[in-house]
Every structure is written in structure tokens, then in C-alpha cells.
Amino acid sequence: MKIVFATNNRNKLKEVQALVPSGIQLLSLADIGCKEDIPETSPTIEGNAKQKAEYVKKNYGYDCFADDTGLEVKALNGAPGVYSARYAGPQKDANANMDKLLNELDGKENRETQFKTVIALVIKDTLKTFTGICEGIITEEKKGEGGFGYDPIFLPNGYSETFAELPLSEKNKISHRGKAVQQLIEFLNH
């Protein structure tokens with residue numbers, strides 16, 4: 001089975017490829033010649049995932065799945081949420097995003113948060129979504145060299161290491177994206 005994962009993010013691609021069984025061939029946007037920036041104009045994480053998957057199916061004809069992820073911080077009423085990638089501006093700079101978040105949480109006791117990933121799958125004429133959530137807290141400083149995005153400041157519940165400190169194999173077992181991808185794979189295998 002060939003399926004497109006609608007992303008240009010090499011880190012996401014690597015994470016998902018590590019989870020997908022060998023019977024499923026994952027194609028990236030580059031593999032299908034999609035060079036344009038696919039619009040993400042929905043006010044929700046679910047809406048953006050659907051928008052990207054439907055765009056690829058409509059314009060390129062491939063069965064496709066897309067994800068969108070947000071970090072939802074309780075003390076900030078769910079922010080940055082759908083704006084996680086652009087939290088500190090349109091340049092999508094992970095360090096600037098983390099610095100802004102750490103500044104906004106400075107002095108706040110409640111550092112509870114959750115990562116939420118929604119995967120939208122368009123296969124044949126069907127649209128299906130899968131949601132993965134990983135709860136944790138925002139640390140007071142960046143720790144670890146691995147991962148990407150907010151990983152150096154996200155400490156999953158029950159762990160003493162941030163996502164950036166965990167090996168990818170361990171992160172994939174507990175992460176929001178890992179959980180959503182597992183649901184996707186179970187659906188594809190039936």
C-alpha cells in the first residue's frame with residue numbers, strides 16, 4: 001500500500017516512518033512533487049489536518065493522511081494550541097516559540113499541558129480522524145538535544161526526562177503523535 005504523509009517536516013516523517021509497518025510505503029510531499037505550502041487556515045487542529053489531507057487527495061489524487069499538532073497549556077487557556085508552530089511569529093522558530101512560552105509561564109505554578117495530534121486520513125472517498133493526547137508539564141528550562149519543536153520543555157507525566165531527552169523509540173510509545181499513528185495503522189490493517 002502506498003500512502004502520502006502530507007508533511008515537509010523531516011522530523012515528523014522520521015518519527016512516523018519508525019512506526020509504520022513495512023507493508024505500507026510512505027510517500028512525502030516531495031516524493032509526489034508537491035512543493036506548494038498547503039493552506040492551514042482552520043481555527044482548529046482537526047480542521048487543519050483535514051484541510052491538508054483533502055488538498056493532497058484533490059490536487060494529486062493520492063490517498064493521504066496529514067497531521068496537525070498543538071501544545072495546549074492550561075494556565076494559558078489552551079494556548080498556543082493551533083498556533084503552536086507560529087507562536088513567536090511566522091518564521092516557525094522552535095527556540096523562539098519555547099522562549100516565548102517559558103516567559104509567559106514565568107512565575108506561574110500551574111505548568112500542566114498536553115500535546116494533541118489529530119491525523120486526518122483521506123482514503124478512497126472516506127475521511128477518518130484519529131486523535132492522540134500526551135499529558136505532562138512544561139519544564140522551567142530546556143533539556144535534551146533530541147526531538148523537535150517544544151520537546152526540550154515538555155516533560156510527559158510519569159517521566160523524569162523531557163521528550164528531547166528520551167530515545168525516539170521510547171517517545172514514540174507514549175507521544176501524542178505515536179498514539180494517533182497507532183490508531184491510523186490499526187485502521188489501515190483492517
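1. A residue is called buried here when its relative accessible area is under 20%, exposed when that area is over 50%, and partly exposed in between, with a 1.4 Å probe and protein chains only. By that scale Asn 77, at a relative accessible area of 77%, is exposed. Asn 77 is placed in the loop between strand 3 and strand 4, and its phi is positive, about 55°, although the residue is not a glycine.

2. Please keep in mind that this is a predicted model, in which local features need pLDDT of at least 70 and side-chain atom pairs count only at pLDDT 80 or more, while totals for chains, interfaces and linings use all residues. Residues are numbered from 1 along each chain as its sequence is written, and side-chain values use heavy atoms, with hydrogens and water left out.

3. The protein contains five helices and seven strands, where helices (H or I, at least four residues) and strands (E, at least two) are DSSP runs numbered from the N terminus. Read from the N terminus, the order of these elements is β-α-β-α-β-β-α-β-β-β-α-α.

4. On overall dimensions, the radius of gyration of the protein is 16 Å, which agrees with the value near 16 Å for a compact globule of 190 residues; the radius is taken over C-alpha atoms, and the globule rule is 2.2 Å times the number of residues to the power 0.38. Along the principal axes, the C-alpha atoms fill a box of roughly 50 × 30 × 25 Å. Of the 190 residues, 48% are buried.

5. A contact means heavy atoms within 4.5 Å. Among contacts in the protein with a separation of 6 or more, 55% come from residues 24 or more positions apart.

6. As for charge, the protein carries 24 positive and 27 negative side chains, and the centres of the two sets lie 5 Å apart. Lys and Arg count as positive and Asp and Glu as negative, whereas His and the chain ends are not counted; each charge is placed at NZ of Lys, CZ of Arg, CG of Asp or CD of Glu.

7. Leu 26 belongs to strand 2 (residues 25-27) and counts as buried at 11% relative accessibility. Leaving aside neighbours within four places in sequence, the contacts of Leu 26 include Ile 3, Phe 5, Leu 13, Val 16 and Phe 65. By contrast, the C-alpha atoms of Leu 26 and Lys 143, which are 117 residues apart along the chain, are separated by 31 Å.

8. Helix 5 (residues 176-188) has 13 residues and should span 18 Å at 1.5 Å a residue, and its end C-alpha atoms are 19 Å apart, which agrees; the expected span is 1.5 Å times one less than the number of residues. The buried residues of helix 5 include Ala 180, Val 181, Leu 184, Ile 185 and Leu 188. An α-helix has 3.6 residues a turn, so residues three or four places apart point the same way. The partners against which the buried residues of helix 5 pack include strand 1 (2-5), helix 1 (10-17) and helix 4 (168-174).

9. Two further backbone features deserve a check by eye. The peptide bond from Ala 79 to Pro 80 is cis, with omega near 0°, and Pro 80 lies in strand 4 (residues 80-81). Lys 92, in the loop between strand 4 and helix 3 (94-105), has a positive phi of about 55° although it is not a glycine, and is partly exposed at 48%.
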